[in-house]
Each structure stands twice: as C-alpha cells, then as structure tokens.
Amino acid sequence: MTKGNTADHVTTAGDTPDNREQKIAALRQAIESWTQGSGSQLIDREKEEALAPVINRAQSLINHRPRSVAELEERLLKQDYAPELVREVVDRCQRNGMLNDGEFARLWVEQRSRNQKKSVAVLRRELRDKGVAERHIDAAVELVDAEDQDAIMRGLIDKKAASIRAVPADRAEYNKFLKRVVGVAARRGFPAGTSLAYAREALDQQLAELKSG
C-alpha cells in the first residue's frame, strides 16, 4: 500500500463536503451583501453631493427671511433644481424645524399688522398667496386684536386727512378729498363702510380747523 501525505486525504472533524459547500455559500452571500452595501453608500454620497447646492440655497433664502413651505419650494424650482431634489430638501427643512407654516403665519401677521399697518383681510390674502393652509392662517389672525385694527385704520385716516391743506371749492372737490382720505385705508383692506364713515368724520374735522384758522 502506497503511503501518502495523510493531510491530503484526511479532513478535519466536522469539515465534510456538505459543510464546505455551506461555508462557500455563506462567504458568497457575505461578499454580495458587502458589495451591495458599498454600492448603496456610493449612491448616498452622490445624492448628498447633488443635494448640497440646493441645501445651501435653501438655507440662504430662509436666513434672509422666514419662508412658507410652498414659497421655498417655488423659489428653488425656479432656479432649475431637479424637482426630486427640491422636494427632499424641503422635507428636510420641515423635519429639522427650519420650515414651519404655523410659525411663519404667526410672524407674518404680527410683523405686517404692526409695521405695515395692514388689515386682517389683506394678511389672509397674502398668506394664501404663499400657500399657507387655512388652519394656520386662522390661528395666526386670531391673535390680532380688533381694537388694534381699529386704531390702525383711524391712524391712517387721521394722517391722510391732516394732509388736506385747502377747503374744497365745491362738492365735487370735497368728494375727491374724501376719496383720497378713505383710499389709504381701503388699500390696506380695512372694511369699506367703517373706513368711509370715519374718513368723512376726519375730513370734516380737518376742514373745520382750516376754516377756523
């Protein structure tokens, strides 16, 4: 009987042909999983690189002033970024709190009612134009005090009436003056009936002072 190297013919305990096949199959599966994972990482990296300029532009727009969700999306799409990238960036901004339509509506109403003397009607229209949902608009305008709105309207009309420096020669000229005075409130969306009544009162008072002076 020819002697050979027993290591060439003897398998270790448990290392049967079936076990070797199982190990090879497991190794192949591990390699395949690793390869797929590497591909996924590559895709994610490429996606983040594509998103980077969109993210930078979104941050720049939001840092300049608060934006509504629809407003930011529209601005980004107008700059020819891919719609799917824009949607991803907008979603991220919402998740991290950079975009919040409820807070946006509250700030918009607070600042523009106080600083720009605008009525609730105009503020509602502006927020709708920016794509803000009605529930956010309703919650924001509820914070506006009716007395504050009345004071704003009266202040606008008083200031305009005080700019009238001559007594009208006839009824036609009086109506022209009245239209000018009430117009300052109408352009800001204050109720026509209330504005007209107070404009007439303010104009008559101004004309009385001019006549007495």
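**Salt bridges in the predicted model**

Glutamate 103 counts as partly exposed, at 35% relative accessibility; that label covers whatever falls between buried (under 20% relative accessible area) and exposed (over 50%), with a 1.4 Å probe and protein chains only. This is a predicted model, so to speak of local features takes a pLDDT of at least 70 and side-chain atom pairs count only at pLDDT 80 or more, while totals for chains, interfaces and linings use all residues. Residues are numbered from 1 along each chain as its sequence is written, and side-chain values use heavy atoms, with hydrogens and water left out.

Glutamate 103 pairs up with arginine 106 in a salt bridge, 2.6 Å from N to O; the term stands for a side-chain nitrogen of Lys or Arg within 4 Å of a carboxyl oxygen of Asp or Glu. Both residues sit in helix H4 (residues 101–115), three residues apart, or about one turn of the helix. Helices here are DSSP runs (H or I, at least four residues), numbered from the N terminus. Arginine 106 is partly exposed too, at 27%.

Arginine 92 has a relative accessible area of 24%.

What about glutamate 73 and arginine 87? Their salt bridge spans 3.0 Å, N to O. Glutamate 73 belongs to helix H2 (residues 69–78) and arginine 87 to helix H3 (residues 83–95), so this pair ties together parts 14 residues apart in sequence.

Elsewhere, Arg65, Arg67, Glu71 and Lys130 link up in a salt-bridge network. The count comes to 16 salt bridges.

Conventions: Helix = DSSP H or I, 4+ residues; strand = E, 2+ residues; numbered from the N terminus.
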